[in-house]
Every structure is written in structure tokens, then in C-alpha cells.
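Open the model in your viewer and keep the selection panel at hand. The stops below go chain by chain.

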Amino acid sequence: MTEFLVEFFLVFMVIGAIIALETKDLLSSVISVGAVGVAASICFLLLGAPDIASTQLVVEVLTVIILIKATIRHDLVTIDGDREFFGLTVTLAFLFVFSLFGLRAFWSLPEFGTPGIERISAAPSNNYISSGFKQTGSSNILTAILLDYRGLDTFAELCALFAGIWGALAIMRVRSRKKKTGNHDEKK
Amino acid sequence: MKKNNRTGMSLIVKNTVRMVEGFIFLFGIYLTLYGHISPASGFSGGIVLGCVFILMTIAFGKNVILESFGKTPAYIFNCSAALLFLVLGCCGILFGGFFSNFLEKIFPSANFRLFSAGLLPIYNIIIAVNIGTGLFMVFIILAVRRVIEIDGTRRLISTEFFDNFKEKN
Amino acid sequence: MVYTLCFILFVIGLYGVTCKKNIVKIILGFLIMEYSVNLFLILLGWRKNGVVPIVEPDTVMEYFKTMSVDPLPQAMVLISIVTGLGTLILMVALAIRLYQRYGTFDITEMNRLKK
């Protein structure tokens, strides 16, 4: 039952992605990407990951708001047509070959529903599941992995987010036009 | 108050936001504090906390938010939370390793309580403060900046105190 | 079948990144690729009739050990979603700077104006 539902939502996501990329109107394409993200959130909920589902839902709302507020209000002119003919042909040929190799690789994967922790008994996840509750005292195993076993990864993630946010602030910086630029030009 | 009513969205939206914003803020705090015993974490709680301020920015207009909160507290909270995370991680070196949970080793506590699992709730609170303030300040910068055309050249200007400037002249 | 659909979603996102002219559409292609990769990592860790990896007071630990979903990919995906928000903000800021420089979101137009 879960498998069928996940397939249904994946087909919905594929259709939404095609609509998002092929529509002429930018506003409706951004909203289509929002629909794709909400379907991904429902898939996470079906696959036994409720905390990721809630995070994905909130991030999706914020993504749509940022895209609409920041980019679309500048320019609503529709741009149609693709790139020039030769480059487009080469890119499409590359995509075709890439998808052939990818499909060949994906057919050799194990059957859906049999994760690696069933076949390999020495996988670290088995240790986390069996003794994570006793060792850390946290009943949510995900928090135990994120903040205790792999705290260094979370620290690196916070560094990446911090760098991204302050990099965006540095890109959007404006010089005050009254004093500083004038003095700077005069000194030159 | 009448002066504030001119900016932002319509009156229905403002009244609805005034009623709802406290509950959303409370939900974000719940998600953060109960991160170690329920399906939540500091990440989702922090994003919800940031979304409350973004909702107020959209509903009341950016000038009201900039006058009442300002950007400087968000900068200070963001940097100090990132620094505190590093300091708490380095404190674990004294007790056996980087990011070791030393509070749990010294004071072992009962399971399934709010104050349990040692340092994990504190880490969650720090992550939530960092992410919430970071998203709020990025959004307010993106909302304030605007590209306009002056004398044939395009400039990126800040409309932060634009309305005050227009009223004075 | 499920893995193949996930891969088709990835290829659609790659098509959007490589073949579209509008910068906003390129950002949307990046977002679609990110969803498909996150979903694929979660799909790899799913177990048939699995339970959520959260211990409750009345959980039997022996049953929980054999039936829980793999929690390690979930932790990585939770990190990756939040980092994706940071990269999205960076991309949007770059797009606004490009618009200020060239006055359009069209990348072939930008290429022509640069010469």
C-alpha cells in the first residue's frame, strides 16, 4: 500500500516538475514547484520520517515566499524560446546518454523495501538503533545521531548555512551614496 | 497606530496576524524544546520562529518591523549563537572528546522528561536561535533592496528609510 | 519502479538547469534536483512495514531493533534540506545582482551584452 501511494505521489511530482519548467508564466511555475515540494513532504511522511516532513513543509513555504518576493517583482516579462540550436542539440544528446547509463545503474539496485541495514549487520545504523537510546538518553534517535554521534557534521552544516547567509548579505550590500563614495572618488 | 495602518496589507490580514502570531511563536518554541522526545528538532523550530517575523514583515510593512526590532539584535543573536555552539563543543574536549555529552555523564537523568539527555536540548535551542535570526535578517535585506533606474543606469538602492525621507521633503 | 521515477525527476531537473534561458527557471531546476536526491536517500532506508525511529515508553526494544527504519540517511537529509535553503538564498542574491548589472533575466541576452 505504501509503495503504491509513493508511486502515485512521484508521478504527481514528475508532472508538476514538467509544468513548472515549461509554463510561460513565472508566477505559476514557482507555485508548481511549491506543489512538488508539498508532495515530497507527504512522501517523507509515508516513508517513516515525520520530522523531515515537517521541516520540508516549512522550508517549502519559505522558498516560495523568497522566490516571489525577491525575483518575480523585478521582472515579469516572459522569456520564451530555448538556447541556440547547436548547444541545445549537444546538451540533449548528453542528457539522453546520461539517462541511459543511469537507468542501467538503477535497475541493478536491490528491491524497494530491503535497506542495507538488513543485509549488513556491521552497519553503524544498527548500533545507533539498538543502543542509541541507552547511551544518549534521547528517545528521538535522529536527534541523538545529529547532535551526539555526529555533532561535527551538524557543526559543519551550521558553518555552511552561516557562510551562505552572510555571503548573501555581502552580495546585496549597497554603498551609501552621500559621503563615502564621494570622498573615495575625490581621493582617487 | 493610524500612521502604521497605511503601510502593509489590508485590515483583515493585520487583525488575523495579530491573533495568530502568538500561537505560531509558541508552536516554534514547543518544536525546539521537545526536540529530543518527539518528532521535531531545532531546525524546524528555528525555521518556524523565523517565519513568524517574516509573516509580520509582510503583513505590517517593513518600516514597522524595522522601527520596533531593527536589524542589529538579529546580527548579535546570530553571531553569538554560532560562537556558543563552538564553545560548547570544545568544552567536551575536557571530558573525553569533541562534542561529547558531558552533562549527561555528570548528572544522569530520567528518560522521557523535558530536562533529560544532557546537552541535547541546549544544542537544539542554540540551533533554533541561529537559524531563525539568520533567515529573518536575510529576508528583511531581500525585501528592503530594490533595483531602480536613475538617468539610464540601474542601481541597487536601499529603501529602508525611504518613506521617512519622502515625508520630510 | 520507484527508483526509476525518482531518477526521471532528477533528469527533468537537469534538463531545466542546462536547457532553459531564464535564470529563475534554472533556480527552479536546482530545487527539483534537490528534492529528488533527498527523496532517493530516504527511499534507500525504508523497510517494509517499518516503524518510525522514535522510542516511546511502551516500546518493546526487541521489536524496535528489527523493525525500525534506517535513521542515518534521515539525519543527513535533515541537514541537507536546511543547507539547501542557504544555497537558494545565495542564488537569489546573485540573480538580483545580475539583474542590476544587465537589466534582464535572460542568460543569452547577458552573453550578448557582455561583448
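Here is what to select at each stop, and what is there.

**Before you start**

This is a predicted model, in which local features need pLDDT of at least 70, side-chain atom pairs count only at pLDDT 80 or more, and totals for chains, interfaces and linings use all residues. Residues are numbered from 1 along each chain as its sequence is written, while chains are lettered from A and ligands numbered from 1 in the order in which they are written.

**Stop 1: chain B**

Select chain B and colour by secondary structure. Helices (H or I, at least four residues) and strands (E, at least two) are DSSP runs, numbered from the N terminus. The order from the N terminus is α-α-α-α-α-α-β-β-α.

Of the 169 residues in chain B, 38% are buried. Buried means that 20 or more other C-beta atoms lie within 10 Å of the residue's own, with C-beta atoms placed from the backbone. Now look at contacts within chain B: taking those between residues at least 6 apart in sequence, 64% join residues at least 24 apart. A contact has the two C-beta atoms, placed from the backbone, within 7 Å.

**Stop 2: annotated spans of chain B**

An unreviewed UniProt entry annotates them as "transmembrane region". UniProt positions follow the numbering used here, feature names are shortened, and annotations may be inferred rather than shown by experiment.

Residues 82–102 of chain B are 52% helix and 0% strand, with end C-alpha atoms 20 Å apart. Residues 122–144 of chain B are 100% helix and 0% strand, and their end C-alpha atoms are 33 Å apart.

**Stop 3: chain C against chain A**

Show chains A and C. Here 71 residues of chain C are in contact with 75 residues of chain A. On the chain C side, helix 1 (2–19), helix 2 (23–44) and helix 4 (71–102) each give two or more residues. Helix 4 of chain C supplies the largest share, 23 residues. By type, that side of chain C has 48 nonpolar, 14 polar and nine charged residues.

**Stop 4: annotated spans of chain C**

Select residues 26–46 and 75–96 of chain C, both "transmembrane region" in an unreviewed UniProt entry. Residues 26–46 of chain C are 90% helix and 0% strand, with ends 31 Å apart between C-alpha atoms. Residues 75–96 of chain C are 100% helix and 0% strand, and the end C-alpha atoms lie 33 Å apart.

Methods: Ala, Val, Leu, Ile, Met, Phe, Trp, Tyr, Cys and Pro count as nonpolar, Asp, Glu, Lys and Arg as charged, and the others, Gly among them, as polar. A residue is buried if 20 or more other C-beta atoms lie within 10 Å of its own, exposed if 12 or fewer, and partly exposed in between; C-beta atoms are placed from the backbone.
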